[in-house]
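Please look over the model shown here before reading the points below.

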Amino acid sequence: MSDKAYVRTEMLEPRDPPPSSVGPIHWIRENLFATWFDAILTILSAAAIIGLLIEVVPWLLSPTWGGTSLDNCRKILAAANHDGGACWGVISERWLQMLFGFYPAELYWRPIAAFVLLGVALAPVLFSDKVPGKLLYFTAAYPFFFPWLLWGGTIWGPLAAAAGFFIGYGVYVVASRMVGNLTGVIAGILAAIIWWLVLSGYAVDALAGIAPIGIEPVESRKFGGFMLSITIGVVAIGASLPLGIVLALGRQSDLMIVKYLSVWFIEFIRGVPLITLLFVASTLLNIFMPPGTDFDIILRVLIMVTLFASAYMAEVIRGGLAALPKGQYEAADALGLDYWKAQRLVIMPQALKISIPGIVSTFIGVFKDTTLVSIIGLLDPLGLSNAIRADSAWNGIVWELYGFIALIFFVFTFSMSRYSMYLERKLHTGHR
Amino acid sequence: MSQLAVDREIDRSKMKVSDEVAIEIIGMNKWFGSFHVLRDINLTVNRGERIVIAGPSGSGKSTLIRCINALEEHQEGKIIVEGTELSSDLKNIDKIRSEVGMVFQHFNLFPHLTVLENCTLAPIWVRKTPRKEAEERAMHFLEKVKIPEQANKYPGQLSGGQQQRVAIARSLCMMPKIMLFDEPTSALDPEMIKEVLDTMIELAEEGMTMLCVTHEMGFARQVANRVIFMDAGQIVEQNEPEEFFNNPQSDRTKLFLSQILGH
């Protein structure tokens, strides 16, 4: 036998790693002090962080919660020997306004209820494995309930809006049985649109005359603050995802008309700044409307922001669709799934999962873009901050106000970001 | 290359070729753009036949079997599957696809669904089978391909050979009359090829009509009742495996066989 031959007679058992390669001390050595250069960077960074905290913390901890004006704040600070502190009086005095705008104070319970119930409606969607699925019925009803709580008025309005969907579906079922599927879809959509635009107005008036059930109406111009931002954000986010899916599929469609309509819609909306669309909503749209039409300004803004977001969403989802291997489509086809079933059961769940980071980025962008409505005169937090700073009592206040707004926005956007990471982890099903 | 796929006796008692026609292809031509990829294909497959399609890459063998379930569209000629002619009518295509199972080179399992859900998806949504029945049937076929214990795992957690066996079970759950195999072992490690071939042999032993594009000549020898050799988009030679391997007629076949069996 040559001396290169070798035969293993027993297999080795796995052993624990040596203690120097695990544990916190190892972590510190590996991540903070691996080389001399790393050690210097670590010390410099620590010094910078500590320096920043020494500056900011006393500013934050200033005893001015009760200040009634900027001058009053300065007096409090001088008396407490705490020069250069923040003036939190503006927040304590105006925070209800920052939250609700000029919404009537005795009706604050309505937006609060609306947003608490929003959480309930979102729960079965966001945490489908922890919340009973029956709640989804509430989620389906919520889009009609939400505007009614905020704007008030007769209960028949939202019921009529919901009835449009049932009417459209009913017409679709009947028509598709009589004249075929595609015609049925078109007939159903037309019937719903006719109901919403023409008939539902009369029906609501008639029903409200017979049974005047309702809550006190609140005008759109009284809306403001974070309530307005969240309303616009939630509606735009909630509506842009399904619209974006439809547009992304439309862009890939074999039907020429559908394809080019989708492409041109996406390219046009993406090519125009949001602020332009908002100006169109606030000024131009009224010129084209017949005189006397009362087309609510917030509704106009909602439509524009939603269209804007859905164009971006469509492209993000198209990216997800493009990342799917062709074999997935072929396997779905070979099993006999038709186009819609293949999309719903095989393609979309995977494409959306791939697109989660992009989708959430778009959501966050849309939510932050809601502050642009201050430019067309709506009193979102930024619009309000301008009004507050114009008040002689708070003239000259900057950091406290914008810091507060930034903090609230950060809480929302950071939650979205963390949720998306949770979702990605949850949907991870091993490497492909 | 091994001369035999499995080292056991193969039960040929049920491998009977019937007189009934399963697939009939008449004068079929297909182009990719201006490239004439399939040229005047005529082929009749009877129920119970096990056909192996061999040939160099680019010869159109995969395209041929992908035409049978309309994953590719042919431009001329007729394809009749189980009495239904393939046309652009979507209803015919869906009908044929639900009767023809297909196994792909890269498995194409749905990675977001568990093994069991992969197997029940089409029966539930296409065949409208009640969920419980679909799950029982899926477990039956998973047992048949010998991986019932993996039912609740995701495809990404299985080995290549296991994934391919799940893909076979997924097709079988639709109770197909014909199975198409498009290079089912080409993406597998050598150690895993055998377990997939075993599954395919068992399927053949039960009398399934099978068309396999494969380079496993051992499988062709042991299981096939007919070997088709394709080159440049045409059927060059077809024969019983014994004759095909021992006494090839055309020069092109001889060259091909010497290339793949010569070492």
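1. Helix α4 (residues 89–100) of chain A and helix α9 (residues 225–251) of chain A have axes that come within 2 Å and cross at roughly 25°. This makes α4(A) roughly parallel to α9(A), a label for angles under 35 degrees. Axes here are lines fitted to C-alpha atoms over the stretch in contact, with angles from 0 to 180 degrees between N-to-C directions; helices (H or I, at least four residues) and strands (E, at least two) are DSSP runs.

2. The model is predicted: local features need pLDDT of at least 70, side-chain atom pairs count only at pLDDT 80 or more, and totals for chains, interfaces and linings use all residues. Residues are numbered from 1 along each chain, chains are lettered from A in the order written, and side-chain values use heavy atoms, without hydrogens and water.

3. On the α4(A) side, A:Gln97, A:Met98, A:Leu99 and A:Phe100 meet A:Gly225, A:Phe226 and A:Met227 of α9(A); contact means heavy atoms within 4.5 Å.

4. Between chain B and chain A, 22 residues of chain B contact 22 residues of chain A. About 2,000 Å² is buried there, 64% of it from carbon and sulfur atoms; buried area is the accessible area (1.4 Å probe) lost on putting two parts together, summed over both.

5. Which residues form the salt bridge? B:Arg66 pairs with A:Glu330, with the closest N and O atoms 2.6 Å apart; the rule asks for a side-chain nitrogen of Lys or Arg within 4 Å of a carboxyl oxygen of Asp or Glu.

Definitions and conventions:
Parallel < 35°, antiparallel > 145°, perpendicular 65-115°, else oblique.
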